[in-house]
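Dear colleague,

I am handing over the structure we spoke about, with notes on what was found in it. Please look at the sequence and the model first, and then read on.

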Amino acid sequence: MEQYAIKGGNPLVGEVEIGGAKNAALAILAAAAMTDETVTIENVPDLRDTMAMLQAMESIGIRVEKLDRHTIKINAGTINDLIIEDDSIKKIRASYYFLGALLGKYKKAEVALPGGCNIGLRPIDQHIKGFRALGADVRIEHGLIITEAKRLVGSHIYLDVVTVGATINIMMAAAMAEGQTIIENAAKEPHVVDVANFLNSMGASIKGAGTDVIRIKGVQKLHGTEYAIIPDQIEAGTFMFAAAVTRGDVTVKNVIPKHLESISAKLIEIGCEVEESDDAVRVVAAKPLTHTHVKTLPYPGFPTDMQPQITVALGLSKGTSIVTESIFENRFKYVDELTRMGANIKVESNTAIIDGVPKYTGASLTAPDLRAGAALVTAALAAEGISTIDDIKFIERGYEDFPQKLQSLGAQIEKVCTERELQKFRLKIG
Ligand code: EPZ
């Protein structure tokens, strides 16, 4: 039994440091396998998912050395296998980045089919379409995706949907293909840009990342580099919404405010004050929250990874709000949990219709996936009384030291592993 025990009701107040972006880190770790030279990566978040990536890299002979908690030195010159089927890797989505990275460098890769959060169908047809356009053969056998090519040759690829994973994967493979690749309708998320910057720092030639047309001139060889990963947009956004729902005053530090614009805009719409400085954003929720409508969209739109967090806030906002999920079709599973806390939310296909209630009350909850789990934590922090949250392994995939960071803002939250520890928590908080 591993749970978070939470006593709600304290406004979160203070400053919190945001870590490196999980979804950039996962791709960058895989991309580090594209050179035989040493790569040093700073600001790598210490998470279950990043650890699974590193473990998978070690399983194929890549040397991984932790210089400190967030700095990793990687040397892939010792790679001795191109098959990645380590148990831990089967559970994470980003395992597919080894396909693009290894296909680019070695023209061959075999990787276990990706796992990850169960938020709907998560096809990889666009990744496969991209690899095939570069001249690779791709097939699925015995639970592995196998891709190989005699030569990879640059191509013009139009993505049918805006996909972060396929954009990054094709960019990695194309970085070491012969000639020019153009990816149209590319994803523009900050982590796409970060991966492109990382590859360019290794000698790749990638232009246009952050726009919907990316141009890549293949190079024969990539070299070592030192690189620092950008701050995590979604970790920052989660703390910003935690401030809103607890009616607090929180400054998220070490962020790129530009990446948070769609999140800040919605917080302002629902009645919060948002102050931006160079590398920090302060959210003050002094007034009662009011309703709004939101639709998740690819960047620079409102992120799907913030959809549960805003729904929690709108559940406590005066009036009727509508949240439309346009990226994943099964991302409202947590609404049942919120209902048990007193929320009034009706889900119809990809839309949640929310009638704000004045308060939530504590309940025994289960995290259905990473972001929904984090959102339930924020709901519990706002609720009257005590909540427990099970399946926190999902939350630990994407939030480093989540309880500790929240405690530093005045939250009453603890990770408990036994019934006795839970009792102790109850006694302590009175
Ligand atoms: C990445 O998932 C993130 N995961 C997700 O973060 C995030 O929710 C998502 O991007 C959207 O921002 C990682 O980076 C490891 P997509 P990914 O490819 O790459 C469809 C989190 O909580 N699609 O951008 O799987 C797909 O079904 C997680 O940190 C295809 O149709 O997302 C979806 O509707 C959860 N064919 C849309 O595109 C494909 O080949 C966007 O998916 C690929 C995707």
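Predicted model: local features only at pLDDT ≥ 70, side-chain atom pairs only at ≥ 80, totals over all residues.

Residues are numbered from 1 along each chain as its sequence is written, and side-chain values use heavy atoms, with hydrogens and water left out.

The ligand sits in the largest pocket (an open set of points on a 1 Å grid over the protein atoms alone, with protein on both sides within 12 Å along at least five of seven lines; a molecule sits there if more than half of its atoms lie within 2 Å of the grid points). Around the ligand there are 24 residues, of which Tyr96, Asp125, Gln126, Asp305 and Ile327 come nearest (a residue counts as near if one of its heavy atoms lies within 4 Å). By class, this shell has eleven nonpolar, six polar and seven charged residues, with Gly counted among the polar ones.

Helices H1 (22–31), H4 (125–133), H5 (164–175) and H11 (370–382) each supply at least two residues of the shell, and the largest share, three residues, comes from H4 (helices are DSSP runs of H or I, at least four residues, and strands are runs of E, at least two).

As for polar contacts (pairs of N or O atoms within 3.5 Å), ligand oxygen atoms lie 2.7 Å from a polar backbone atom of Gln126, 2.8 Å from a backbone N or O atom of Val164, and 3.5 Å from a side-chain N or O atom of Arg331.

In the backbone, the peptide bond from Tyr299 to Pro300 is cis, with omega near 10°, and Pro300 lies in the loop between strand S18 (293–295) and helix H9 (307–314).

His142, in the loop between strands S8 (137–141) and S9 (144–148), has a positive phi near 50°.

Best wishes

Conventions. Polar contact = N/O pair within 3.5 Å; in protein donor to acceptor, adjacent residues only side chain to side chain. 1 Å grid on protein atoms, 1.4 Å probe; cavity = no way out; pocket = protein on both sides within 12 Å on 5 of 7 lines; lining within 4 Å.
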